[in-house]
Amino acid sequence: MHARQDAIIEAFSRMRRESSLRHREIAATLEISEGELIAAHCGVDAIGSDSDMHATRLRPEFPAIIAAIEPLGEVMALTRNESCVHEKSGVYRKVSHQGPVGLVLAGSIDLRLFYQQWRHGFAVEEHTSKGLQQSLQFFDSTGIALHKIFLKPTSQQAAYQSLLAQFRAEDQSGDMVVETPRLLPAALDDSEIDIAGFRRDWAAMQDTHEFFGLLKQYKVTRTQGLRLADPRFSIPVVPDVITRLLQAAAAENVAIMVFVGNPGIIQIHSGPVSNIKLMGPWINVLDEGFNLHLRQDLISNAWVVKKPTEDGIVTSLELFDAQGENIAMLFGERKPGKPELESWRALIADITEACTA
C-alpha cells in the first residue's frame, strides 16, 4: 500500500471513531480534498485495511450512470455548497441529457446536471453506528463533492450491485489527481457597465432563463447585476430574512421551490415546508422526504428579485456568501405557463417590508 494512502485511511478511521466529524471536515483537517479522501479507500489494499469504509471507482460515464439509478428505487439525493445542504428522497425518473446538460424531472427528484464539471465517481460503502451506508458520490476536478446519492433501506440491492458491475472502472488505485481551483476573473468596474441598457433589457425579459444570458451580455456578476438593477426589480434585504420566510411559508402553508446548487448541479424542492428548526447558526427544514440545512451566518447579502416573464412577474429570494457565490434561491411553486402564486407574492411583500436592508 502506498504510504500516503495508508496514512489517509488510518487517520480517517481514527477521526471517524473518535468524533462526529463528517467526510468533508476530516478531509479539511488532513488538508486534502474530500475526493482524495474517498479515492484513498479504493483498491485491494483498502479492503484489507482496518478501515470501516471502502470505495469503488466508477468509469466517468456520468449521464449513463444517472440514467441507471431508477431501478434502485427510492434513494436520497444530496447536493450542497459551502453554506447549504439540500436532501431530497425519491426515485430518479424521467432522466435525460443533451450534450453536457442533464435533467431529472421526477417531481420529488428534480435536478439540473452540468456534466462538464463532473470528473470522478465512486460507489462508497461505510459501516457506521447506524449500520451499512451505501452511496454513489461524484466530484469535480478539484475533488469537491458535487452530488451524492444514498441508498435507503427500501432501495433495491440487486440493482445497485448490477450498476456497480456495469460501471466499475479498471483503475482502482487509491489516489486522485486534483487540479487547483481556478480563480474567477475580476468583475468589471461599475463605470464600464452599460447600466441603462442592462436595465432596459431586464425590463424586456419574457422568461426567467433569459437572466443568465443578460448577465453574460453585459459582463456583470450576479450580485453586481442585482446591485445595478432598477430598484423595482431588485431589493436588498437583511440576511436573516430566510428564517422569517421559511417560518411564514410553513405557518401559511405556502408551497415554495428551493434551489440549491454548485457548479455541477442544481437540486430543487417543490412543495410546502412545515418543520422549521433553528439550531445555532443553522436554519433547518426537517420534513419527511426533504431536509434543508443552511448556515445563516454565512449569508453576506440577500435580495428580493423580480423578473418579467410572459406569465407576469416571477419573484425570488436569492442568498449569497461573501465571495458572491449563490447559496440558495427560493420561489413560489409554479409551472411554466402559470402565473406566480398570489400567496407567495403576499408573503414576499410582507417579508420585504419587514426586512429591507
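## Interface between the two domains

Domain 1 and domain 2 together bury about 1300 Å², and 54% of this area lies on carbon and sulfur atoms. The model is predicted. By residue class, the side of domain 1 that touches domain 2 consists of six nonpolar, five polar and four charged residues.

Which kinds of polar interaction are counted between domain 1 and domain 2? Twelve residue pairs are in polar contact between these domains, with both residues of each pair at pLDDT 80 or more.

## Domain arrangement

Domain 1 comprises residues 1-92 + 120-167, and domain 2 comprises residues 190-278 + 293-354. The contact draws 15 residues from domain 1 and 17 residues from domain 2. The C-alpha centres of domain 1 and domain 2 are separated by 32 Å.

## Annotated region

An unreviewed UniProt entry records the feature "domain: Haemin-degrading HemS/ChuX" at residues 32-167 and 219-350. For residues 219-350, the secondary structure amounts to 20% helix and 42% strand. The end C-alpha atoms of residues 219-350 lie 33 Å apart.

## Salt bridges

One of the pairs joins the side chains of Glu 126 and Arg 16, with an N to O distance of 2.7 Å. Because Glu 126 belongs to strand E7 (residues 120-128) and Arg 16 to helix H1 (residues 3-18), this pair ties together parts that are 110 residues apart in sequence.

How values were computed. Residues numbered from 1 in each chain as written. Predicted model: local features only at pLDDT ≥ 70, side-chain atom pairs only at ≥ 80, totals over all residues. Heavy atoms only, no water. Domains from an automatic or database assignment. Contact = heavy atoms within 4.5 Å. Buried area = accessible area lost by both parts, 1.4 Å probe. Polar contact = N/O pair within 3.5 Å; in protein donor to acceptor, adjacent residues only side chain to side chain. Nonpolar A, V, L, I, M, F, W, Y, C, P; charged D, E, K, R; others polar. UniProt positions renumbered as here; feature names shortened; annotations may be inferred. Helix = DSSP H or I, 4+ residues; strand = E, 2+ residues; numbered from the N terminus. Salt bridge = Lys/Arg side-chain N within 4 Å of Asp/Glu carboxyl O.
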